[in-house]
Amino acid sequence: MPKPKADSVYAKAVKEHQYGFSKSMSHIKEEIAKLYKLFEENRNYEYEIENYDNSKSTVLLGNSFRPLKNLKDEKNSELAATNYPLYEVWEEWFKNSGLVERDLFLLTFVSSCDRKIWRDFLEKHVFYYKELLPHPNKRGYDWDNAILNILNALQVKYAFEEKVDFLIDASSALYADLPESIKEFEYVPGKNEYYYNNNNGNGWQSQNFFDVYLNRIDLRNVTTEQEIKIWNLYRWRQLNGLEKNISHCKPFVQLYSAAFEQKLITEGELYEGILEPERISFLTGGNRNYRNQGSEDLLVRFPFLVSMVDKIRETFLDVEVKRGDSNTSVAHLVQSFQKIFGANRLVELITALGKASLYKGYIYSWSYTDLTKQKLFSFLLKRCYPLETDTQESFNALIKKAKISEERLIQTAIYAPQWQKFISSYLDWNGLDEGIWWFHAHTKTASYSATNSELESEAARFSTLDLQDFKDGAVDKDWFTSAYKKLGKAKWEMLYESAKYVTDGNGHRRARLYADTITGDLKIREVTAKVKDKRDQDYLRVYGLVPLSKASPEKDILARYEYLQQFKKESKEFGSMKQASEALAIRVALENLARNAGYPDPVRLTWAMETKQVQNILSKETEVVLDDVTISLVINNEGKADLVTYKAGKELKSIPPKYKKDKGVVELTNYRKTMREQWTRSRKGLEESMIRGDEFLFAEMQNLFEHPIISKHLEKLVFISNDNQIGFYVDGSLVTGLGEMISLNENQTFRIAHCFDLHKNNVWVDYQKYCFDNKLQQPFKQIFRELYVPTPDELKEKSISRRYAGHQVQPNQTLALLKTRGWKVDYEEGLQKVFHKEGYQVKMYAMADWFSPADVESPTLETIEFHSLKDYKNIAFEDINPRIFSEVMRDIDLVVSVAHVGGVDPEASHSSIEMRAVLLRETLRLFKIKNVEITGNHAIIKGQLAEYSVHLGSAIVHQVPGKYLSILPIHSQHRGRLFLPFADDDPKSAEVMSKVLLFAKDNEIQDPTILSQIDKTYA
C-alpha cells in the first residue's frame, strides 16, 4: 500500500497539524466556544420552518436548528446556504475564526468510535468530534446537536473542494499503517447472536471503523485518475486479511468496470466481480442498488457490460431450461434475473413447464432459497419481456411449432400481461383484450405503482370509471357485456378459469363473483342470503348488479333499494371500523344498482325510488271504513304521515282498540311507518346532498316538488343555481330572502345552498331575517348552520390545523358522535374520514389509544390534516372545498362541545356561539326587547332589578359584577315553546334564549328561588 506523496493536500495538512486541521486544537476549541456562546445568546430567536408535509411551524432556535424551507436539489449554493436561521451570524463567526473549509469538514466528519480495542489505533488517524462539540440540549444525539448542524450548514457554501483527494490519501495512510494483528482479526459471533449478518465476512473489513475515509467518497463525482486510486484501495482492502473473506469484500461493480476499461484487470476478473446474485439482480433489472454505488447508470457508462450481462443471461438460461427437478449449479444466479427477453425464451419456458400449472402465489426468490422447477419457471415467465426484434409473424411461427394450447396461452396472457398483445393477435379472439383487462381492473389487489399505471391506461380505453372506483368495488357492466358478447360463452369460460392468475392471492374471487352476477349464473336469492346471513360485502356490492326481473323491473329496483336502506340502518349497530367499510360497500352497491337500472348516479336513483315508494302507497286504498269509524292515512303540512280517525264526523284521539288488528288498519299502520321512515331518511339525505354539493336538473326539481313528503322539506330550503342565483324554489322560479323573483330556464342546474354560499354572496343575514319574520322552521340547519373558515394561523401553517389542540375529550362519546358522521378509527393515527369523490381524506390526530379504556387519561386532540389519497401528502387548506372544510370542523367542534372532559366547554364552540348570537339578535328584534346587548360571548341584560350576563356557550348566568345565579333548565319544557328556525334538537340554544328573555323582564319573575338569589345591593 503506497503512502501519500509528500506534496499532496493530505500530507501537507497533517504535517502542519494533526488530522489535517489548519489551526492548533487549542485555537479550534476557543472558536467552538465562541460559536456556542453566540448560539446561547440567540437561543430564544423565533423562526418559521416548512415541514416535510408543506405545513409551517414556528420554533425557537434553542429547541431546533433546521432549514427554513424544503429545497430539493438546489443548485445555487448561496441560496441553499442561506436557507438556515441567522445564517449571517454563523457566517460572520466563520470569517472571523481563522478556520478554513477543511476544518469545517474535519469537525463534522465522524462522531466517535465505541470500540476501545480499535480506538487506540484509530485516534492516530481519525479525529472524533463527540468530545469537542458541545451539545446545547445535553441530550447527546448528533442529529439534534445545533453546533454540529451549524457547521454542516456552513459547508453548503464553504465546501472543501479537495475533499476526494484528501479522503483517498487519508485512507491510504490509515491502511498502510494497519498492524498485522488487525489484518488477521476474525470476528466470532456470541452464543446469542442469532441474527449476525456475515455477508461482509468476519474479518477486519466487516468492522466498518477502518473504512471511515473510504466510505465517504462519492463515486459519482470522481475523475478517472481518482477512480483508479479508489479501485486500488478497495482491491487492497479485499486481498489483505483472511483468505476466506476475499469473496465477501469485492469492490463495487463500477470500480471493476473502470479497472477493466483501463486494462488493469482481465475479462475473467470482471466476470468475477459481476457474478454475485445481488449484482446480477440490479444489472439485469436496470434498477438502483443501495449497496452498490453508481449502480443506476452502469450499463450506460460502460456499454461493454451490456453484452457481458446478455452473455451471462443467455448462457445460464440455456443450462437452466434443460433442468429436471433438481437445482443446477447456476440456479441461484438465474433466480436473480429481474428481466429476460425474447419470444423464444417464453416458448422454451412454457414448453419446459409441460403439464405443470403456473405457480399461483408470491415467489420468494432470494438467492439462498431453493425453488422448484414450477416456481422458478413461473418466476422467469413473469419476468420475460418481448425483444424489439420480436415480430408478430416470428411469434406466431414459434407458437405453432411448439403446439402450445389456447388454454395455456390465455393463462400466460394474464400471468405475464407484457405478452398479451402478441397472444391476442395470435389467437385473433375478438374481445380478448377487453376481457383480460376487465378481470385485471375488477380484481381485489394492491398492485405496485408501475402495474397500476399500466392498468390505469388500459382501463381508460374501455371504461369511464376511475381506477380508485374499481378498487372500491365498482363494476363496469357495459365493459363486461361488450367483452362477453365479442368472446362468446365458450371462450369467456376459458378466460374465467384463467382469471386466478391475475393476482398472487384470492383477489380474483371478486372479479369472478361480478362476472357470475352479470351473466345470471348467480341468482338474486343466493346473493340476498349471503348478504343477510354473512353480511358479505362483496356480495352486497353485486346485489344491485344481478339482472333485473324481466316481468317487473321497476318493482325489483325498488325492492333492492329498500333492502339496501334497511342494511344501512342495521349497520349502525356495529363499531366505527365496520360501519365505515359497510358504508363504502353500500355506496358501491347503490352505484351498481343505479348503473344496472339506467340511472346516471345513485343520487338520481335515490330520489326516483323515494318518489316511487310513496306513489305505490298512495296509489292503494288509504282509507278504511269499519262500521261508523273511518280511518285515513294523511300527510300533514310538515310532510309527516299520520292516521286520523273519525266517528260520525268527529275526530277521535286514537284508533279504537277493537279495530287496531283489522287487516286494513294494520296495512295503513305499516304504510305510515314506511312514510315516516322516508320523511326522516329524506331529511337526512337532503342534508348529505347539501354537504356533497349534489346538483339537480330543472326537470328533476319539478319532479321532486311533486313528491308529497320531500317537497315539504324542499320548499323550506334555499337553493343556488349554476349561475350563482340564490333563493327558495317556488313554481319554477327562485325567490330571494328580500322577496325578489328570479326566473329560471330548463338548462339550469341547482344544488342546496350551503351557509358558505350565503356568506360568500353576502345574503346570509337576509335569509336569517326572513326565517324569523316568516316563522320558517327548516328540516335541518341550513341558514343557521355554523360556518367554519380557515383561520389566519391555519392559512399560515398551510395544511395543519391546531384550532382544537389541547382539548381533552371522552373517547366513547367522541367515537359515538363521529361514527354517525362517516368517521372511522385509524388504528395508528387517530380518527379519519374519506372523501372518495374529491380524492382526499381528513385525519384528526390525538394523543390517544381509542381502543383501550380511558381510565388513566382522556384523549387530547392535536392536529387536523387533509391528505391526498394518491400520494398521501398534505393538502393546503386553500385547496380544500370550503364546504367540506367547514363540515369537517363542524364535526370536530361538536365533539369538543359535547364530549369535552368535564361536560360542555364554554369557550370551545366559537361557531355555535356566533350562531346563537344571531338567533338571539333576531329573537330580541321579534320580541321588541331593547335592554339586551350582545358583546363577544355574552349577552348583557340591563334589568329593572339588576344587571345580568348570560354566556352564549354554557348558558351560565351571573349577576353583574360576578355573582353566580343557579338557574336549572328543564329542556323538555323549552322544546316547542320557543321558536328555533330549524328542526334539529338544540336544547342549549333554547336554554340560552329562555334565560335571556327571562332576565330581560326580571320585574315579571315570580319564582321565589330566583328572586332570592338576586342581590338588591347592586341594583
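# Briefing on a predicted structure

Ser733 stands opposite Ser743, a residue of strand E13. This pair belongs to a predicted model, and three bridges join strand E12 (residues 733-735) to E13 in the antiparallel sense.

**The six-strand sheet**

- Strands E12 and E13 belong to an open sheet of six strands, in the order E9-E14-E10-E11-E12-E13, with antiparallel pairing.
- The edges of this sheet are formed by E9 and strand E13 (741-743), each of which pairs on one side only.
- Strands of a sheet pair through backbone hydrogen bonds, in either a parallel or an antiparallel arrangement.
- Strand E9 (residues 696-697) is joined to E14 by two bridges in the antiparallel sense, and Leu697 has Thr749 of E14 as its bridge partner.
- Strand E10 (residues 718-721) also pairs with E14 in the antiparallel sense, over three bridges; here Phe719 stands opposite Ile752.
- Strand E14 (residues 749-752) is covered on both faces. Thr749 and Arg751 are buried on one side, and Phe750 and Ile752 are buried on the other.

**The nonpolar cores**

- The largest nonpolar core contains 180 residues, and Leu122, Trp438 and Trp492 have the most contacts inside it.
- Helix H8 (residues 163-176) gives the most to this core, contributing eight residues.
- Leu122 touches Cys113, Tyr128, Leu174, Phe209 and Phe210, when residues up to four places away in sequence are not counted.
- A second, separate core has 45 residues, including Trp764, Leu787, Leu919 and Ala946.

- Helix H21 (residues 406-415) is largely enclosed by the rest of the structure, because eight of its ten residues are buried.
- The buried residues of H21 are Arg408, Leu409, Ile410, Gln411, Thr412, Ala413, Ile414 and Tyr415.
- These buried residues pack against helix H18 (343-353), helix H19 (373-382), helix H20 (392-402), helix H22 (420-427), helix H23 (432-442) and helix H27 (489-498).
- Tyr415 also takes part in a contact with a charged group: the charged end of Lys382 sits over the Tyr415 ring, 4.1 Å from its centre.

**A buried histidine**

- His754 lies in the loop between E14 and helix H37 (755-760).
- His754 has a relative accessible area of 0% and is therefore buried.
- Leaving aside neighbours within four places in sequence, His754 is in contact with Met690, Arg785, Leu787, Arg883, Ser886 and Glu887.

**Salt bridges**

- The count of salt bridges comes to 51.
- Glu638 and Lys716 meet through their side chains in a salt bridge, at 2.8 Å from N to O. Glu638 is in the loop between strand E6 (629-635) and strand E7 (641-647), while Lys716 is in the loop between helix H36 (710-714) and E10, so this pair ties together parts that are 78 residues apart in sequence.
- Glu638 counts as partly exposed because its relative accessibility is 39%, whereas Lys716 is buried because its relative accessible area is 12%, and buried means under 20%.
- Asp538 forms a salt bridge with Arg541, and their closest N and O atoms are 3.7 Å apart. Both residues are buried.
- Asp538 and Arg541 lie in helix H30 (residues 537-543), three residues apart, which is about one turn of the helix.
- An α-helix has 3.6 residues a turn, so residues three or four places apart point the same way.
- Asp694 and Arg692 form a salt bridge through their side chains, at 2.5 Å from N to O. Asp694 counts as buried at 7% relative accessibility, and Arg692 counts as partly exposed at 39%.
- Salt bridges that share partners join Arg509, Arg510, Asp536, Asp538 and Arg541 into one network.

**Aromatic rings**

- The structure holds 53 aromatic pairs.
- One aromatic cluster is formed by Trp118, Phe121, Tyr175, Phe185, Trp204, Phe210 and Trp236.
- Phe210 of this cluster is also among the residues touched by Leu122.
- Lys578 lies over the face of Phe574, at 4.2 Å from the ring centre.

Technical notes:
Residues are numbered from 1 along each chain as its sequence is written. This is a predicted model: local features need pLDDT of at least 70, side-chain atom pairs count only at pLDDT 80 or more; totals for chains, interfaces and linings use all residues. Side-chain values use heavy atoms; hydrogens and water are left out. A nonpolar core is a set of buried Ala, Val, Leu, Ile, Met, Phe, Trp, Tyr and Cys residues joined through side-chain atoms within 4.5 Å. Buried means under 20% relative accessible area, exposed over 50%, partly exposed in between (1.4 Å probe, protein chains only). Helices (H or I, at least four residues) and strands (E, at least two) are DSSP runs, numbered from the N terminus. Contact means heavy atoms within 4.5 Å. Two strands pair if DSSP finds at least two bridges between them. A salt bridge is a side-chain nitrogen of Lys or Arg within 4 Å of a carboxyl oxygen of Asp or Glu. Rings of Phe, Tyr and Trp (its six-membered ring) pair if their centres lie within 6.5 Å; planes under 30 degrees apart count as stacked, over 60 as edge-to-face and the rest as tilted. A charge sits over a ring if NZ of Lys or CZ of Arg is within 6 Å of the ring centre and within 35 degrees of the ring normal.
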